[in-house]
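The sequence and coordinates are shown first.

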Amino acid sequence: MSRSREISRRWKIAITAGVAAALFGTGIGVAAAGGESAAPTVDCPTVGDKLSGVPASAQAEVSRNLALLNTQIEEANRRLVTSQGEGGPNFIQNAILGPLKDKRAATIDRIAISIGRKGTRPQGLESLATCTLATGGGGGAAEDPNAPGEEPPAEEPPAEQPPAEEPPAEEPPAGDVGTITCPDVASQLPAVPAGAKAEVDRNLAQLDNQIAEAQARLESTVGQGGPNFVQNAIIGPLEDKRVAAINRIATAIGRINARPVGLDALAPCTVS
């Protein structure tokens with residue numbers, strides 16, 4: 001082979017390799033760009049449009065709780081964005097959707113209770129507490145706090161700001177299972193009327209079951225999630241469930257005697 005042909009052959013090999021490398025690099029860039037995915041959003045059933053015949057005296061409280069439902073969804077959506085890539089395969093259900101359902105159930109229960117004080121308590125609203133993920137870029141419509149009611153208030157009530165969050169309970173080290181401690185409710189009740197005793201006893205038993213379930217969850221999830229997992233996925237949802245049960249106790253007593261006040265302060269629990 002002549003020297004000129006050898007040189008020409010080497011140039012062809014070099015050019016071919018360069019083109020292949022350029023195409024390979026472009027392919028990688030396209031694949032990387034296409035691999036990014038947006039965070040999903042929360043999709044929850046609306047509650048306000050399912051209400052009817054809200055007494056005027058309950059309108060303000062119902063509106064506050066509808067606004068709170070919006071706030072809860074916004075908080076869950078922010079958490080979905082900030083926690084992408086955290087936890088295991090069940091992280092979103094355990095740390096975001098599950099706690100959101102518990103918060104919504106407690107808020108929806110307060111709506112039903114406030115309507116039931118002066119009118120007919122709506123039934124079946126608890127089925128609206130469960131939310132799903134909307135991966136197509138849109139969630140459920142926001143609640144309209146002024147939608148329900150016979151006489152909307154003269155001025156739109158300001159959206160209730162969520163209570164200031166207390167610092168999360170200190171997490172026990174991995175492998176060290178803490179103990180959930182909650183204030184005793186039965187000892188703080190006034191004399192329970194005979195006509196309310198059965199319902200009060202049922203809800204006191206439910207409070208015990210809630211603590212037992214939370215303790216079992218605490219023991220079965222040691223080492224899971226981030227630094228706030230116990231507060232967000234166990235202690236927070238437990239408080240919401242206790243609020244609903246304590247409200248039912250107060251309502252049962254209030255149907256016959258004076259409704260006890262201040263019992264909500266007994267809802268928060270800690271991990272020792």
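Helix axes are lines fitted to C-alpha atoms over the stretch in contact, and angles run from 0 to 180 degrees between N-to-C directions. Helices (H or I, at least four residues) and strands (E, at least two) are DSSP runs, numbered from the N terminus. The model is predicted: local features need pLDDT of at least 70, side-chain atom pairs count only at pLDDT 80 or more, and totals for chains, interfaces and linings use all residues. Residues are numbered from 1 along each chain as its sequence is written, and side-chain values use heavy atoms, with hydrogens and water left out.

**Overall composition**

The protein chain contains five helices and four strands, in the sequence order α-β-α-α-β-β-α-α-β. Of its 272 residues, 34% are buried (under 20% relative accessible area with a 1.4 Å probe, protein chains only).

**Helix pairs**

| Pair | Angle | Axis separation |
|---|---|---|
| α4 (residues 197-220) and α5 (residues 229-254) | about 175° | 9 Å |
| α2 (residues 59-82) and α3 | roughly 175° | within 9 Å |

The angle makes α4 roughly antiparallel to α5, a label given to angles over 145 degrees. The contact of α4 with α5 has 16 nonpolar, three polar and six charged residues. Here Ala, Val, Leu, Ile, Met, Phe, Trp, Tyr, Cys and Pro count as nonpolar, Asp, Glu, Lys and Arg as charged, and the others, Gly among them, as polar. α2 and α3 are likewise roughly antiparallel to each other, and their contact has 15 nonpolar, four polar and seven charged residues.

**Second largest pocket**

A pocket is an open set of points on a 1 Å grid over the protein atoms alone where a 1.4 Å probe fits, with protein on both sides within 12 Å along at least five of seven lines; lining residues have an atom within 4 Å of a point. The second largest pocket holds about 390 Å³ of space, with volume taken as the space filled by probe spheres set on the points. It is lined by 21 residues, and Ala105, Asp109, Glu126, Ala244 and Arg248 are the closest to its centre. The lining divides into nine nonpolar, four polar and eight charged residues. Helices α3 (91-118), α4 and α5 each supply at least two lining residues; α3 gives the most, with seven.

Key. Angles under 35 degrees count as roughly parallel, over 145 as roughly antiparallel, 65 to 115 as roughly perpendicular and the rest as oblique. Buried means under 20% relative accessible area, exposed over 50%, partly exposed in between (1.4 Å probe, protein chains only).
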